[in-house]
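Student: Hi! Could you walk me through this fold? I have the structure open and some quick questions.

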Amino acid sequence: MARTVLVTGGNRGIGLAIAEAFVAQGDQVAVTHRGSEAPAGTFGVTCDVTDPAAVDAAFKTVEGELGPVEVLIANAGVTDDTLLMRMSEDQFTRVVDTNLTGAWRCAKRAATRMVRGRWGRMVFISSVVGLYGSPGQVNYAASKAGLVGMARSITRELGSRNITANVVAPGFIDTEMTAALPPERQEEYKKATPAGRFAAPAEVAGVVTWLASDAAGYITGAVIPVDGGLGMGH
Ligand code: NDP
């Protein structure tokens with residue numbers, strides 16, 4: 001059955017692969033972007049997830065065009081790395097406002113219509129470092145760990161309404177975010193990953209579409225690693 005899907009940050013990287021995977025299976029897909037083009041076959045809305053009014057406007061536009069959002073993929077995210085003792089107030093709050101509060105704004109906005117429709121899927125794109133930790137990423141890891149508590153609380157609030165809320169925790173995926181890492185760090189991370197390589201964005205997308213499917217209806221409050229074994233035991 002075709003669903004209405006909203007992917008935040010669906011214009012590039014992992015979000016783009018997720019949007020393409022939903023389009024390929026015949027869903028109606030909306031993506032948020034901040035000024036770039038929307039991918040082919042998707043309905044694009046401009047939205048900065050740090051702006052509550054923009055989030056509300058994006059949902060209104062999508063609802064008007066495609067109907068209520070039944071599947072929310074909270075994917076938009078940023079890094080701003082530096083060591084704890086050098087991290088500014090702004091570096092911390094900006095990353096948390098985008099990665100965690102931005103996801104909360106979208107989940108809150110999506111929930112009302114999901115409850116009314118008695119069906120919904122929320123998937124939060126976290127990171128292996130949320131539970132594993134990462135030097136230089138106190139802000140990012142805190143925001144990604146926060147998504148776990150959020151998804152699990154949403155599960156406890158809305159689980160009986162046929163709404164699931166899960167977290168996908170990718171390891172290192174080939175996107176602009178990882179391309180920005182110094183080459184020697186990239187090699188270190190590959191060595192630390194049992195799979196010995198970074199993943200393609202499509203390998204995350206496959207897990208996300210599965211979590212949004214009817215087949216995964218009894219999976220909720222879960223953290224699904226897609227990390228080549230990097231975070232085993234976390
Ligand atoms: P990219 O940097 O390639 O893309 C980030 C996306 O988020 C872009 O679409 C960007 O939009 C959007 N975005 C950033 N800030 C905002 C904002 N304030 N409002 C709306 N959209 C915003 O990242 P990836 O594709 O690599 O990452 C996607 C998600 O996966 C992120 O949450 C990231 O933390 C997570 N992740 C990535 C990993 C990796 O190895 N790549 C590993 C683990 C997790 P715009 O184009 O307008 O900038």
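Student: Which residue is the bridge partner of His33 in strand 3?
Tutor: That partner is Thr46. Keep in mind that this is a predicted model. The pair belongs to the contact between strand 2 (residues 28-33) and strand 3, which run parallel and share four bridges.

Student: And what packs on the sheet around there, say against strand 1, strand 2 and strand 3?
Tutor: Helix 2 (residues 52-66) does, touching those three strands. The direction of helix 2 makes about 160° with that of strand 3.

Student: Zooming out, in what order do the strands of the open sheet come?
Tutor: The order is 3-2-1-4-5-6-7, seven strands with parallel pairing. The edges are strand 3 (43-46) and strand 7 (223-226), each pairing on one side only. On average, neighbouring strands are turned by 20° against each other, ignoring direction.

Student: New topic: strand 4. Are Val71, Leu72, Ile73 and Ala74 buried or exposed?
Tutor: All of them are buried. Val71 and Ile73 point one way from the strand, and Leu72 and Ala74 point the other way.

Student: Nice. Which residue of strand 4 is the bridge partner of Leu6?
Tutor: Leu72 is. Strand 1 and strand 4 pair in parallel over three bridges. Leu72 also has Met122 as its bridge partner in strand 5, and strand 4 and strand 5 pair in parallel over four bridges.

Key: Residues are numbered from 1 along each chain as its sequence is written. This is a predicted model: local features need pLDDT of at least 70, side-chain atom pairs count only at pLDDT 80 or more; totals for chains, interfaces and linings use all residues. Two strands pair if DSSP finds at least two bridges between them. Helices (H or I, at least four residues) and strands (E, at least two) are DSSP runs, numbered from the N terminus. Axes are lines fitted to C-alpha atoms, for helices over the stretch in contact, and angles run from 0 to 180 degrees between N-to-C directions. Two residues are in contact if their C-beta atoms, placed from the backbone, lie within 7 Å. A residue is buried if 20 or more other C-beta atoms lie within 10 Å of its own, exposed if 12 or fewer, and partly exposed in between; C-beta atoms are placed from the backbone.
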